[in-house]
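Student: I would like to learn how to read a structure. Please take me through it step by step.

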Amino acid sequence: MISIIIPTYNEKDNIGTLLGDVSHVLENRNQKYEIVVVDDSSPDGTADVVSKIIKKNKNIRLLVRDKKEGLGAAYKFAIPKAKGDLILEMDADFSHNPKYLPDFIDASKNADIVIGSRKIAGGKRKDSLKRRIFPAIGSFLFRVVGCPVKDPTSGYRLYKKEITEKIDFENLPDDYSFQVAVLFEAKALGASFLEIPIDFEKRMSGQTKYTNRDLFGNIRVLWSVLFRRKH
Ligand SMILES: Nc1nc2c(ncn2[C@@H]2O[C@H](COP(=O)(O)OP(=O)(O)OP(=O)(O)O)[C@@H](O)[C@H]2O)c(=O)[nH]1
Ligand SMILES: [Mg+2]
């Protein structure tokens, strides 16, 4: 079984369509699945939209948290609760096209962690210059300090459950830099990695939650890897 974890904060105009599309892709493949939406009590009523859909699709679960604590915090909370032997992370805003889900499942036969990559042949990122330039510099620096993949900030990724069970999530960051930090942690545990190309699209509806402050989270991780401190 695969567990698809989708963190949401104010994604009411995306989440309904996305849940339909994800279910459709997986059912077409006869893939056993659950979708776990982790909502931080979005003021726009995202959770209400999900609750209505759950009545018709028992493969969907909703975890509601009291307040917005960051993308990393949402994953740290939800990953240990996933029931699947494969655990996939994806955004709610259609930047991560569900059409790639079968590619992740196929690739999981050959690695513990599969990254949907915008930095390998066939991968693309349709995004603003600011959102391309800093990750490009960041990815280069992360490579220099031993990062196992070319696109470490990609949030479209799959883990085998066994590897998540070895990771000490408590010590990982609550913000977006969780994504990079978890790779270094998994590398230290001997995980194997594979990147598959994805075309990263612009969010379909709603506002970004990513702020300039979030850039510093990644710098902190880089720093801690360099000096082998805990995050
Ligand atoms: N539960 C929860 N989800 C979050 C939080 N921050 C972001 N998200 C979700 O994480 C995913 C990624 O956030 P985005 O705002 O799309 O970040 P981004 O992809 O870097 O930015 P854009 O796509 O340019 O808007 C989306 O599904 C968000 O709703 C949070 O604090 N809590
Ligand atoms: Mg996004």
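Student: What percentage of the 231 residues in the chain do buried residues make up?

Tutor: A residue counts as buried if 20 or more other C-beta atoms, placed from the backbone, lie within 10 Å of its own, as exposed if 12 or fewer do, and as partly exposed in between. In this chain, buried residues make up 42% of the 231. This is a predicted model, where local features need pLDDT of at least 70 and side-chain atom pairs count only at pLDDT 80 or more, while totals for chains, interfaces and linings use all residues. Residues are numbered from 1 along each chain as its sequence is written, and chains are lettered from A and ligands numbered from 1 in the order in which they are written.

Student: Is Ile113 buried or exposed?

Tutor: Ile113 is buried, because 23 other C-beta atoms lie within 10 Å.

Student: Which residues is Ile113 in contact with, leaving aside its neighbours within four places in sequence?

Tutor: Contact means that the C-beta atoms of two residues, placed from the backbone, lie within 7 Å. For Ile113 the partners include Arg157, Tyr159, Ala186 and Phe193. Arg61, by comparison, is 52 residues from Ile113 in sequence and 23 Å away in space, C-alpha to C-alpha.

Student: Which residues come nearest to ligand 1?

Tutor: A residue is near a molecule if its C-beta atom, placed from the backbone, lies within 6 Å of it. Of the 20 residues around ligand 1, the nearest are Pro7, Ala74, Ala92, Thr208 and Lys209.
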